[in-house]
Amino acid sequence: MQTATQVPVEKYLGTTYDPDCEYLDGGLLERNVGEKGHSKVQKKLLVFWASHEAEWGVFVLQEWRLRLGPRHYRIPDVCIIAGPEPNEAVLSTPPFVCVEILSPEDRVSRMLKKVAAYLAFGVANVWVVDPQARQAFVYTSRGMHEVTDGVLRTENPKIEVPLNEIFD
């Protein structure tokens, strides 16, 4: 939920929030984090991807601030960068994949706004993972589809994530 307090972008970038907040047009946006199902899926994704970074030629990090515009900062649960690790404190170029892991309190309308912002920024793949329903959805510039074969995939680089390893 957006707070009533307006904060200059410099203060946002120079402040540590617990948990970290997103920033939109001067307002802080709280994030739903910390639930066990959410955390378990995030951990399993990170461990899985960390074991494949060199093979896939990617860099993976969780909860890294992403600058979508001068007054628009989001924090994906996990992002994948195609290529080497960028040398910047706040990511300012589109990741190859942004992953959002749903918490029970997340609202579809709010998540869809976030997905649309990532795609408009140039993120090639946005994955929305629902630990409670054991579902995953893929958003690209071509549209959205539910993962029905049990594998999250990308091309160039080719990445495959078996959902059974993430949800078990």
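Modeller: Six residues of the lining of the largest pocket are nonpolar, five are polar and four are charged. Here Ala, Val, Leu, Ile, Met, Phe, Trp, Tyr, Cys and Pro count as nonpolar, Asp, Glu, Lys and Arg as charged, and the others, Gly among them, as polar. This is a predicted model: local features need pLDDT of at least 70, side-chain atom pairs count only at pLDDT 80 or more, and totals for chains, interfaces and linings use all residues. Residues are numbered from 1 along each chain as its sequence is written, and side-chain values use heavy atoms, with hydrogens and water left out.

The pocket holds about 260 Å³ of space. Its lining has 15 residues, and Asn125, Val138, Thr140, Arg142 and Arg153 lie nearest the centre. A pocket is an open set of points on a 1 Å grid over the protein atoms alone, with protein on both sides within 12 Å along at least five of seven lines; a cavity is a set where a 1.4 Å probe fits but cannot get out; lining residues have an atom within 4 Å of a point. Points are joined across faces, edges and corners, and a volume is the space filled by probe spheres set on them.

S10, S11 and strand S12 (151-154) each give the pocket lining at least two residues. Strands (E, at least two residues) and helices (H or I, at least four) are DSSP runs, numbered from the N terminus.

Now Val138. This valine sits in strand S10. Leaving out residues up to four places away in sequence, valine 138 touches Val126, Trp127, Gly143, Met144, His145, Val147 and Leu152. Contact means heavy atoms within 4.5 Å.

What of the sheet? Six strands make an open sheet of mixed pairing, in the order S4-S7-S8-S9-S10-S11. Two strands pair if DSSP finds at least two bridges between them. Strand S4 (58-62) and strand S11 (143-146) are the edges, each pairing on one side only. From one strand to the next, the twist averages 15°. Strand S10 (residues 135-140) and S11 run antiparallel, joined by four bridges. Tyrosine 139 has methionine 144 of S11 as its bridge partner.

Helix H2 (residues 36-50) touches S4, strand S7 (78-82), strand S8 (97-101) and strand S9 (125-130), and its direction makes about 155° with that of S8. Axes are lines fitted to C-alpha atoms, for helices over the stretch in contact, and angles run from 0 to 180 degrees between N-to-C directions. Helix H4 (residues 108-121) touches S8, S9 and S10, at about 160° to the direction of S9.

The structure has one cavity of 30 Å³ or more. The largest cavity holds about 170 Å³. It is lined by 16 residues, with Arg31, Asn32, Asp106, Met111 and Lys114 closest to its centre. S8 and H4 are the elements giving two or more residues to that lining. H4 gives the most, three residues. By class, the cavity lining has four nonpolar, two polar and 10 charged residues.
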